[in-house]
Amino acid sequence: MKGDKKKKTIKTIKIDVDKCNGCRACEVICSSFHAAPKYSSNNPARSRIRVIRDPLRDVYVPVYAGEYTVAECAGRDKYTIDGKEYDECSFCRASCPSRDDFKEPDSGLPLKCDMCEGEDEPLCVKWCLVDALQVEEREEEVEEGEEQEELETGLESLADKYGMDKIKDAITRLSQKD
Ligand code: SF4
Ligand code: SF4
């Protein structure tokens with residue numbers, strides 16, 4: 001019921017940009033884990049983490065795929081690191097219509113980090129040999145309705161891509177499988 005509180009474990013991945021050496025092992029394992037079937041291929045374009053790399057300046061910034069957004073945002077961010085100005089949106093986490101980042105290359109569906117659901121530890125963290133990525137966990141009280149809102153956001157993105165009728169047909173087919 002909306003308004004009731006329950007405990008939720010919040011996992012945060014702390015990124016130490018100074019430790020990252022741009023090896024991209026995190027991209028490789030993430031895309032491989034999310035291949036279908038699992039581990040059957042690796043294509044960093046499918047990764048839920050992208051490493052912005054500037055080897056000449058020794059700048060490497062891992063960025064995690066965040067929320068899906070239907071429309072481009074009106075405000076943009078510009079970063080300057082070690083004197084270099086980066087393109088607008090370079091470090092944005094959104095799967096957004098204005099660019100190809102964080103979209104499944106075959107279907108165009110939005111990608112979002114799922115913390116490697118089902119695994120004991122996020123695999124990008126495990127594979128980062130220099131500890132640039134570290135998990136922190138904390139307990140928080142959340143409203144019962146919040147998970148429902150996340151589900152609705154996911155369904156909204158699918159409906160944008162395929163249309164609500166196709167989504168309904170797919171759900172009907174899936175529910176008749178058992
Ligand atoms: S695995 Fe670690 S060091 Fe390598 S690119 Fe990813 S975050 Fe950086
Ligand atoms: S936690 Fe898992 S899903 Fe998220 S970016 Fe790392 S490997 Fe990918």
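The shell around ligand 2 holds 11 nonpolar residues, two charged ones and no polar ones, where Ala, Val, Leu, Ile, Met, Phe, Trp, Tyr, Cys and Pro count as nonpolar, Asp, Glu, Lys and Arg as charged, and the others, Gly among them, as polar. The model is predicted, so that local features need pLDDT of at least 70 and side-chain atom pairs count only at pLDDT 80 or more, while totals for chains, interfaces and linings use all residues. Residues are numbered from 1 along each chain as its sequence is written, and chains are lettered from A and ligands numbered from 1 in the order in which they are written.

**Exercise 1.** Determine which residues are the closest to ligand 2 and which elements supply its shell.

*Solution.* Begin with the residues whose C-beta atom, placed from the backbone, lies within 6 Å of the ligand; 13 residues surround ligand 2, and Cys30, Cys113, Cys116, Pro122 and Cys124 are the closest. Next, assign elements as DSSP runs numbered from the N terminus, with helices (H or I) of at least four residues and strands (E) of at least two. At least two shell residues come from each of α1 (25-33) and α2 (123-127), and α1 gives the largest share, three residues.

**Exercise 2.** Describe the shell around ligand 1 by residue, element and class.

*Solution.* Ligand 1 is surrounded by 15 residues, of which Cys20, Cys23, Ala25, Cys26 and Cys128 are the closest. The elements giving two or more residues to this shell are α1 and β3 (59-64). Sorted by class, the shell around ligand 1 contains 12 nonpolar, two polar and one charged residues.

**Exercise 3.** Identify the members of the largest nonpolar core that touch the most other members, and the contacts of Cys128.

*Solution.* A nonpolar core is a set of buried Ala, Val, Leu, Ile, Met, Phe, Trp, Tyr and Cys residues joined through C-beta atoms within 7 Å, and a residue is buried if 20 or more other C-beta atoms, placed from the backbone, lie within 10 Å of its own. The largest core has 16 residues, of which Cys26, Ile29, Cys30, Cys124, Cys128 and Leu133 touch the most other members. At least two residues of this core come from each of α1 and α2, and the largest share, four residues, belongs to α1. Finally, leaving aside residues up to four places away in sequence, Cys128 is in contact (C-beta atoms within 7 Å) with Ala25, Cys26 and Leu133.

Definitions and conventions: A residue is buried if 20 or more other C-beta atoms lie within 10 Å of its own, exposed if 12 or fewer, and partly exposed in between; C-beta atoms are placed from the backbone. Two residues are in contact if their C-beta atoms, placed from the backbone, lie within 7 Å.
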